[in-house]
Amino acid sequence: MVELNYYLGLSSILFAIGVIGVLVRRNAIIIFMSIELMFNSINLSLISFSSFLGDVTGQILVFFIIAVAAAEAAIGLAIIIALFRNKGTVNIDEINILKW
Amino acid sequence: MPELTTILFYIFAFITVGFAIIVVSTKNVMYSAVSLFMSLFGIAALFLLLRADFLALTQVMVYIGGILVLLIFGIMLTTKITDAEIKTNNLSYIPAAFFTTGIFVILIFVLYTTKWNQKTPIQNEETISQIGKALLSSYVLPFEIASIVLLVALVGAIMFSRKK
Amino acid sequence: MITLAELVNAVPLLIIAIAAILTLLITTFFKKSTDVVFAVTIISLFAAIFFYFGDLEKDALIFTESLRINMVSIMFSVIALTAVFISVLSAKSYIEKEEINFGEYYSLSLFATLGMLVMIHSANLIVLFIGLELMSICFFVLTGFLRKRVKSNEGALKYFLLGAFMTGFLLFGISLIYGTSGTLDFIKMLQNQSLVKQPLFLIGVALFSIGFFFKMGIFPFHMWVPDVYEGAPTSVTGLMSTAGKIAAVGTLAPFIVNTNVTSLKVIFSVLAVLTMLFGNVIALSQVNIKRLLAFSSIASAGYILVGITAMNEFSVKGVAFYLFAYTFMQLGAFILVSVIEKPSDSSNDYKGVNLDDYKGLASKNPSLAVLLTIFLFSLGGIPPFAGFWGKYYLFYAAIKSELVWLSVIAILLSIISIYYYLKIIVYMWFSKESGNEVEIVVPPFASIALYIAAGLTILFGLFPNLFFVMFKTVLK
């Protein structure tokens, strides 16, 4: 029997990896993937809470998070591609008309 | 002799974390996408270990089948795959490391000192019927609004790509 | 089961939802129908405000306890709807000028409004999350609405990446709240008094607040504000800086005020000081008026946080009044910027948004100069305009919670802000015109919106109690 703490620890590690990815990487698509990792770590912690509390509400929130993540992915890639067409790069160091 | 679930937990945890590290560290965007695929698979398996069968399925279908394919399309449309020169200068390693380890240490510390009010989880019960009932009774409003969110995403994506 | 009585209580939300979908359908099936869409949008927003003052039950949980209709949520909803109303009224001429006159602009504004109302009324965290995301996704698209202009694209990308990143923190907070309390329901959470003694619950609440601080533009989660405000179409900037902020504050403030924990108070007051300091000091050196107003809106978020930090019975009402006044003055200023802005031919930049473009405005168009002076005086907190009373109620709440030092700092820092507002006023009235300029034409709907905003700024400055009479049951 794996304890709840192990799942939460794993989820925290994944969250930290995602945060590092967002802060360190400069490619918009990789930053977006790191954000997806963060969302997944949250889903994992919500499901482990839900499972150990014997309560289905947490899983419903995860269901909505997945739906919203899909919507955000569509919008995000549309933005990235629109910018690429106008500017020719997705490297956020070169995206610098506005001071970052 | 450890239980089978414990062994499986460690295997999948290892897969998930290992590939997650590759996602954020590799220089090639395509490798990142493929590693993300493996990492998400590991998470889906962990969902199964936590008896969230429906969400494990959703994870595979929406994340891996939908979002990841979309991402790979995005990569192919925005980078020239042939020249693998994709710049990554690492300006903010040190603050990022401080910030993240700070959060991480606090979280782990508190997580392990908190006493959780655990109930023994119910074994061998499908969650899909419970989730279905809840979505169409208590959570019917967010369910409807989620459909609007997806509609808006559709309209928005079309707005960005229209010509005139 | 959903009963008829519940539907009656949700009429304003239903109006907005139906209007949003209707406008989308009209845009799809009829070419050149933007005037009709504009009319539908304006009428639906007005009807929604009207129904809020009608026969709603004043304390109800509807849709299987998903939405909470009470005086506080009605108050914030009305303020948000007012902001959207004025903003959309003025947006028509702006999007015609920038040649982005699509019906989708109005539907996305309405969908964003629906998200705000759902958020403000939400009774559990699932509904809150989905409403927040509906609003955010609409704002991402609206920010990038000028999709041929690189600045607009960049603004949208930055807003999107940072917004999704901060949603991560918000969700992590929600997951910790869920894990410690075992519920996602606000009411059950607040009933359980022992929760606030658990450190992990408080970390959850803090992370949850970070998500909202990002939307409000609180230091150090403000980094998107100047870039996105500058990059977004000016009418969208006005919408985001008022309605978006109202929704975030209207959701967070009632929840936080009810927890009333000392450790959160300490963190919040430090953040409030840093936000006010940062916003006001950086604003001093700005040359682009959109960026200047962005930094001043960061400072305003700091004043609002002072009110929230007080966590007593005066905070919610002070915050509400400040936001109400802020809507008129901030939105009025942005409408003026959008009127003075010139349509630009190059694809990268907005023209006519530098402070130099305001030199000699008074000689060219005195009525515009008078209006902008009113808005800027009000933003600076000079009586007898509404902005003065807004700050007064916020700092009063802080003093009542024995946070005198915080109020004193806030007052001192808001005196700094008068300097950069005065700079614009001096440019308008006392500087010579920089070059040969074309005459500024004020389109009819924009001028209606401007006069409404200016009129209400003065009205609520002279009679601040009118606001509390309007929502009288909030006060005892």
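**Helix packing and chain contacts**

Reply: Helix 12 of chain C and helix 18 of chain C are roughly parallel to each other, a label for angles under 35 degrees. This is a predicted model, where local features need pLDDT of at least 70, side-chain atom pairs count only at pLDDT 80 or more, and totals for chains, interfaces and linings use all residues. Residues are numbered from 1 along each chain as its sequence is written, while chains are lettered from A and ligands numbered from 1 in the order in which they are written.

Me: What's the angle between helix 12 and helix 18 of chain C, and how far apart are their axes?

Reply: The angle is about 15° and the axes are 9 Å apart. Axes here are lines fitted to C-alpha atoms over the stretch in contact, and angles run from 0 to 180 degrees between N-to-C directions. Helices are DSSP runs (H or I, at least four residues), numbered from the N terminus.

Me: OK, switching to chains A and B. How many residues are in contact?

Reply: 60 residues of chain A are in contact with 72 residues of chain B; contact means C-beta atoms, placed from the backbone, within 7 Å.

Me: Which helix of chain A gives the most to that side?

Reply: Helix 3 of chain A, with 21 residues.

Me: And chain C against chain B, how many there?

Reply: 24 residues of chain C touch 19 residues of chain B. Helix 6 of chain C brings the largest share of the chain C side, 9 residues.

Key:
Helix = DSSP H or I, 4+ residues; strand = E, 2+ residues; numbered from the N terminus. Parallel < 35°, antiparallel > 145°, perpendicular 65-115°, else oblique. Contact = placed C-beta atoms within 7 Å.
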